Amino acid sequence: MANTIPVINVSQLMTGALEHNNDCGSASSLMFLRSYNLAMTVTVDQFYNSIYPSGDGPLAVGQMQTRMAQLGLKTDWKV
């Protein structure tokens, strides 16, 4: 049987997530991080701004992986 972990919901529409329109990557990254009790006080906007502070475009997977690793969660991209 596969191991499962509870994923904590992070909304793109709450306080702390209102600066950007393209923040689904930030929200989903924080869901992963918080599932491992990491980045519990980081907001969606803070995560996004740490990668792309002056923009509103979508974040690349590699950028999110790098930031998650900086916050303590190493991930692998597998196709």
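Which residues in H2 meet which residues in H3?

1. **The H2–H3 contact.** This is a predicted model. From H2, the residues in the contact are Phe-47, Ser-50 and Ile-51. From H3, they are Gln-63, Met-64, Arg-67 and Met-68. By class, this contact has four nonpolar, two polar and one charged residues.

2. **Geometry of H2 and H3.** The two axes come within 10 Å. They cross at roughly 110°. Angles of 65 to 115 degrees count as roughly perpendicular, so H2 is roughly perpendicular to H3. The crossing is right-handed.

3. **Geometry of H1 and H2.** H1 covers residues 24–35 and H2 covers residues 44–51. Their axes come within 9 Å and cross at roughly 110°. H1 and H2 are therefore roughly perpendicular to each other. Their crossing is right-handed.

4. **The H1–H2 contact.** H1 brings Ser-26, Ala-27, Ser-29, Leu-30 and Leu-33. H2 answers with Val-44, Phe-47 and Tyr-48. Six of the contact residues are nonpolar, two are polar and none is charged.

5. **The nonpolar core.** The largest nonpolar core has 15 residues. Which of them touch the most other members? They are Leu-30, Leu-33, Val-44 and Phe-47. H1, H2 and helix H3 (61–70) are the elements that give two or more residues to this core. H2 supplies the largest share, four residues.

6. **Val-44 up close.** Set aside its neighbours within four places in sequence. Val-44 is then in contact with Val-10, Ser-11, Met-14, Gly-16, Ala-17, Asp-23, Ser-26, Ala-27 and Leu-30.

7. **Gln-65.** Is this residue buried or exposed? Gln-65 lies in helix H3. Its relative accessible area is 18%. Buried means under 20%, so Gln-65 is buried. Not counting residues up to four places away in sequence, Gln-65 touches Thr-75, Asp-76 and Trp-77.

8. **Asn-21.** Asn-21 is found in the segment before H1. Its relative accessible area is 67%. The cut-off for exposed is over 50%, so Asn-21 is exposed. Asn-21 and Asp-56 are 35 residues apart in sequence. In space they are 6.4 Å apart, C-alpha to C-alpha.

Notes: Residues are numbered from 1 along each chain as its sequence is written. This is a predicted model: local features need pLDDT of at least 70, side-chain atom pairs count only at pLDDT 80 or more; totals for chains, interfaces and linings use all residues. Side-chain values use heavy atoms; hydrogens and water are left out. Axes are lines fitted to C-alpha atoms, for helices over the stretch in contact, and angles run from 0 to 180 degrees between N-to-C directions. Angles under 35 degrees count as roughly parallel, over 145 as roughly antiparallel, 65 to 115 as roughly perpendicular and the rest as oblique. A crossing is left-handed if the near helix is turned anticlockwise from the far one by less than a right angle, and right-handed if clockwise. Contact means heavy atoms within 4.5 Å. Ala, Val, Leu, Ile, Met, Phe, Trp, Tyr, Cys and Pro count as nonpolar, Asp, Glu, Lys and Arg as charged, and the others, Gly among them, as polar. A nonpolar core is a set of buried Ala, Val, Leu, Ile, Met, Phe, Trp, Tyr and Cys residues joined through side-chain atoms within 4.5 Å. Buried means under 20% relative accessible area, exposed over 50%, partly exposed in between (1.4 Å probe, protein chains only).
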